[in-house]
Amino acid sequence: MRVLVLGGDGFCGWPSALHLSRQGHEVVIVDNLSRRNIDNELEVQSLTPIQPLSTRLQVWRELTGKTIGFERLDVVTEYDRLLQTLQAWRPGAVVHFAEQRAAPYSMKSSWHKRYTVNNNLNATNNILSAIVESGLDIHLVHLGTMGVYGYSSVGVELPEGYLRVKMIAADGAEVEQEILYPPNPGSIYHLTKTQDQLFFAFYNKNDDVRITDLHQGIVWGTQTRETCLDERLINRFDYDGDYGTVLNRFLMQAAIDYPLTVHGSGGQTRAFIHIQDTVRCIELAIVNAPAPGDRVKILNQMTETHRLIDLANLVADLTGAEVEHVPNPRREADANDLSVTNAGLLGLGLRPTTLREGLLREVTEVAKRYASRCDRKRIPCVSAWTQRNRSGGAAVAKVGGAGR
Ligand code: NAD
Ligand code: USQ
């Protein structure tokens, strides 16, 4: 199938593009390279030495004989080019990774809040509008987040997107309805993902666009079977206080003898998935598209849930690292329960990579190998959610984005 990968130069998009290409799909990447510009703004680089996109694509062609196309295009500001790309190339599926994805970055300042809202909501609306205007029957696969459900302990297993509710009508009769699970975002970034869901519901109802929304947990790991083939294909590894996600940060911290930074008590429970499973899920979603007329298909893309303190202790046990409880710069529950169903993707054939299998390999083959590239000054999480958290220890973030 022809697949357009929006955001295909990013952490999830690049290995997904390679995996789809290897599976025999024809792939074109669309990206505005904003993520690389944000590295410049934050004065930090991926722990791994990622190559320019043209080098990545040339190496892939040399190794496999397969060509992945590239359009440098901003899906927010270049609507006409996006539409022309769809009309000219006529993809069967579009995978939409092209959003600003870091919660701390989205909370740094009013500029970062406005950038994240503008980028993410307009990216989603533009791609949906372009699909409708193209007149083509294109399946949209979107990367959403587990964070749309929020992290309050509700005591039930989180369903895949929808909730059956009962209401009492005026005549006293019971009325049943299925609604989107009530959104409860914990950051401006997560808020954009909850609003994406409304765009999907509307375009699906109004224009019959076929959509799969993957509610993904925190992705850990770096390499996939394809990115391992040559060092020049290596995937990005974010470790800084804005873009680094918790488990990869712990692995990097262990590799450089930096105490593992647990926010608060570490009683926060989150959902996780390995990057190898992410790329598999994307393909499963593409080849199992909803039928014409189906409502938006929502799948929980995660394989395990863990309390952060348990993860820190696990990494400490494997590596001898110290665990440090640091003041939490976020406004979030100090502890929560989390139980999630992922029956949809398991039913489609996902075989999860477990934490225990991959953790140590990740520390030795990636984090330790590139440890000398780490800038320790970039490790602390300095983006605070509120004024109170700022004065509580986290430094005030600088205002404005470099080069944009
Ligand atoms: P990333 O920042 O590494 O990649 C996003 C890519 O999109 C970048 O290459 C960026 O340049 C591009 N992009 C952003 N705005 C664009 C625009 N307006 N036009 C064109 N290109 C644009 O992020 P990622 O970690 O690969 O995440 C991809 C998606 O998956 C995001 O939507 C994110 O919300 C979701 N997700 C990620 C994680 C995770 O742990 N990384 C977990 C759950 C969900
Ligand atoms: N945390 C620490 N120590 C750290 C960094 C983070 O304890 O050094 C804590 C945070 O306070 C939070 C948890 O770890 O409680 C998760 O933080 P994170 O940065 O790993 O993940 P998050 O901000 O939730 O965002 C990431 C991705 C985002 C994706 C989301 C999935 O950046 O794109 O949507 O994970 S989910 O968490 O399921 O919503």
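**Exercise 1.** In this predicted model, find the residue just after α4 that takes a positive phi, and state the angle.

*Solution.* The residue is R90, with a phi of about 50°.

**Exercise 2.** Determine how the buried residues of helix α4 are arranged about its axis, and what they pack against.

*Solution.* 
1. List the buried residues, taking buried as under 20% relative accessible area. In α4, which spans residues 79-89, these are Y79, L82, L83, T85, L86 and W89.
2. Look down the helix axis. The buried residues of α4 fall within an arc of 155°, so they line one face of the helix.
3. Inspect the face turned away from that buried side. The exposed residues D80 and A88 are found there.
4. Identify the packing partners. The buried residues of α4 pack against the strands β1 (2-6), β2 (26-31), β3 (68-72) and β4 (93-96), and against helix α6 (110-134).

**Exercise 3.** Describe the shell around ligand 2 and the polar contacts of its oxygen atoms with R101, G147 and H190.

*Solution.* 
1. Take the shell. Ligand 2 is surrounded by 24 residues, the closest being T145, Y189, V246, T261 and E332.
2. At least two shell residues come from each of α7 (188-207), α8 (246-255) and β10 (260-263); β10 gives the most, with 3 residues.
3. Check the distances to oxygen atoms of ligand 2. A backbone N or O atom of R101 lies at 2.8 Å, a polar backbone atom of G147 at 2.9 Å, and a polar side-chain atom of H190 at 3.1 Å.
4. Compute the burial. Ligand 2 taken alone exposes 740 Å², and the protein buries 96% of that.

How values were computed:
Residues are numbered from 1 along each chain as its sequence is written. Chains are lettered from A and ligands numbered from 1 in the order in which they are written. This is a predicted model: local features need pLDDT of at least 70, side-chain atom pairs count only at pLDDT 80 or more; totals for chains, interfaces and linings use all residues. Side-chain values use heavy atoms; hydrogens and water are left out. A residue is near a molecule or strand if one of its heavy atoms lies within 4 Å of it. A polar contact is a pair of N or O atoms within 3.5 Å; within protein, one must be able to donate a hydrogen and the other to accept it, and residues adjacent in sequence count only if both atoms are side-chain atoms. Accessible areas come from the Shrake-Rupley method with a 1.4 Å probe; for residues, only the protein chains shown count as cover. Helices (H or I, at least four residues) and strands (E, at least two) are DSSP runs, numbered from the N terminus. Buried means under 20% relative accessible area, exposed over 50%, partly exposed in between (1.4 Å probe, protein chains only). The arc is that of the directions from the helix axis to the C-beta atoms. Contact means heavy atoms within 4.5 Å.
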